[in-house]
Each structure stands twice: as structure tokens, then as C-alpha cells.
Amino acid sequence: IAWISTTGTRSHRLASTKGGSQNAIPKLTFRSDHSVGAGHWGVLHHTGDMWQALDKAAALVAPGGLLAVAFYRETLLDPFWKLEKRLYTSAPPFIQNAIKSGYIGAFRLARAMTRQGPFADYIANYTSRRGMDFDHDVHDWLGGYPYESALAPEVDRHLAALGFKAERVFARPKSSGIFGSGCDEYVYRSQRTGS
């Protein structure tokens, strides 16, 4: 969770109902009379029911408040990634390391073939760009299960039906997803009035 701007004592539980980890989203505590907003960065798409989790997160936002979320972008290879992630999370460490080595090798080759600069430079600057080291990020991507994704129009329709309007959206169109999907980022404001 990126931020929760709240005070108080009323608790809500966001949890999976379709096979995801019951602890995927921690217990959130806020005061219902003065909640500003809720932020869930790269979390809800791992709950096993992303849309229900989004509904529950949106319910935490006071009238006029902000909701900030990031979801994996839908790709052509989503079925492959779901299978890979399921295998990776259930595999012993030596299998995970083999999968990770294959992914990194293919990624390095793709960067070299497209002349994107030295891989060592990419790794050296990775933590400052992403907030985690490359190895941890690869492990996080390969093992992020449950896995769900969406495109911006689908997210917009869902949030509009909940009474939200886009403030800022950073989204790209559907892609192949050969090395992953990336996250699209959404900031929406509640259009509800009153308390």
C-alpha cells in the first residue's frame, strides 16, 4: 500500500475470495468522518479477485477523496504469465533460480539485439529508477501470483460505476508482454457528496 491518508478507529479488511492469500492486503484502519483517500500500489492485482478488492478499496474513500491504484496492464501473453507464475510460486528454489536465470538471459539478449546500451549500466541505475534491485524485481515479477490485469478503459468503466472520475491516468495500450506487463497508474476522485 503506497499511502493511506486517514485517522481513527474503524477497520476494514480487504482479502481475497478466489484463492489468493488472505493476507495479501493488510487490515486498514481509518476514521470514517475524515478519510481523505486510499492508495493501493501494485497490490490489488495479486488478491485473486482484483475487481472485488477495488470495490472494497473504493469504499474506503470519503466523498471528494482520492483513490490511487496501479494494476498490471493486460498483454497478449497473460495466459502464459499466469501459468509461469503458478509454476514459479510452487517450485523449489533451484527451479525458481533456473527460471529466473532463463528470464534474465533472454532479457539481456533482447537488450543487446535492440542496442539499448550496456546491461551493466542498466543494472547500475536500476535501484534508483525502480526502488528495488533488479534481482528482487525479477523474482517479484516471476512469482507474483495470483495475477490479474486490465486495460485502462475497463478500469475507467469500473470506477465510473462506483462514482469516481479520473484525475490522472498513466496507461499504455495492450502489448505482447514478452518480458512482463508493467503497471498502469490511476488516480481517481470520488464524485459522491455528503458523508
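Trainee: Contact here means heavy atoms within 4.5 Å. With that settled, what do the buried residues of helix 7 pack against?

Mentor: This is a predicted model, so keep that in mind. In it, the buried residues of helix 7 pack against helix 1 (50-59), strand 5 (66-72), strand 6 (164-170) and strand 7 (183-190).

Trainee: Which are the buried residues of helix 7?

Mentor: Helix 7 spans residues 152-161, and its buried residues are Ala 152, Val 155 and Leu 159. Those residues cover an arc of only 65° around the axis, which puts them on the same side of helix 7.

Trainee: What follows helix 7?

Mentor: Gly 163, with a positive phi near 90°.

Trainee: Back up a bit. How many helices and strands does the protein have?

Mentor: Seven helices and seven strands. From the N terminus, the order is β-β-β-β-α-β-α-α-α-α-α-α-β-β.

Trainee: How much of the protein is buried?

Mentor: Buried residues are 38% of the 195 residues. On contacts, take pairs at least 6 apart in sequence: 69% of them join residues at least 24 apart.

Trainee: New topic: helix 2 and helix 3. At what angle do the axes cross?

Mentor: Roughly 140°, and the axes come within 9 Å. Helix 2 is residues 78-90 and helix 3 is residues 93-113. An angle over 145 degrees would count as roughly antiparallel. Helix 2 and helix 3 are therefore oblique to each other. The crossing of helix 2 past helix 3 is left-handed.

Trainee: Which residues meet there, helix 2 to helix 3?

Mentor: Helix 2 brings Trp 81, Glu 84, Leu 87, Tyr 88 and Thr 89. Helix 3 brings Gln 96, Ile 99, Lys 100 and Tyr 103. By class, the contact of helix 2 with helix 3 has five nonpolar, two polar and two charged residues.

Trainee: Gln 96, then: buried or exposed?

Mentor: Gln 96 has 16% relative accessibility, so it counts as buried. Leaving out residues up to four places away in sequence, Gln 96 touches Tyr 88, Thr 89, Ala 91 and His 139.

Trainee: His 139 is in helix 6. How do the axes of helix 2 and helix 6 cross?

Mentor: At roughly 110°, coming within 7 Å; helix 6 is residues 134-143. Helix 2 and helix 6 are therefore roughly perpendicular to each other. From helix 2, Trp 81, Glu 84, Lys 85, Tyr 88 and Thr 89 meet His 139, Trp 141, Leu 142 and Gly 143 in helix 6. The residues of the contact of helix 2 with helix 6 split into four nonpolar, three polar and two charged.

Trainee: Now the backbone. Is the peptide bond from Tyr 145 to Pro 146 cis or trans?

Mentor: The Tyr 145 to Pro 146 bond is cis, with omega near 0°. Pro 146 sits in the loop between helix 6 and helix 7. Most peptide bonds are trans.

Trainee: What about the phi of Arg 115?

Mentor: Arg 115 has a positive phi of about 50°, although it is not a glycine. Most residues other than glycine have a negative phi.

Trainee: Where is Arg 115 found?

Mentor: In the loop between helix 3 and helix 4 (119-124). Arg 115 counts as exposed because its relative accessibility is 76%.

Terms used: Residues numbered from 1 in each chain as written. Predicted model: local features only at pLDDT ≥ 70, side-chain atom pairs only at ≥ 80, totals over all residues. Heavy atoms only, no water. Buried < 20%, exposed > 50% of the residue type's maximum accessible area, 1.4 Å probe, protein only. Helix = DSSP H or I, 4+ residues; strand = E, 2+ residues; numbered from the N terminus. Arc of directions from axis to C-beta. Axes fitted to C-alpha atoms, helices over the stretch in contact; angles between N-to-C directions. Parallel < 35°, antiparallel > 145°, perpendicular 65-115°, else oblique. Left-handed = near helix turned anticlockwise from the far one by under 90°. Nonpolar A, V, L, I, M, F, W, Y, C, P; charged D, E, K, R; others polar.
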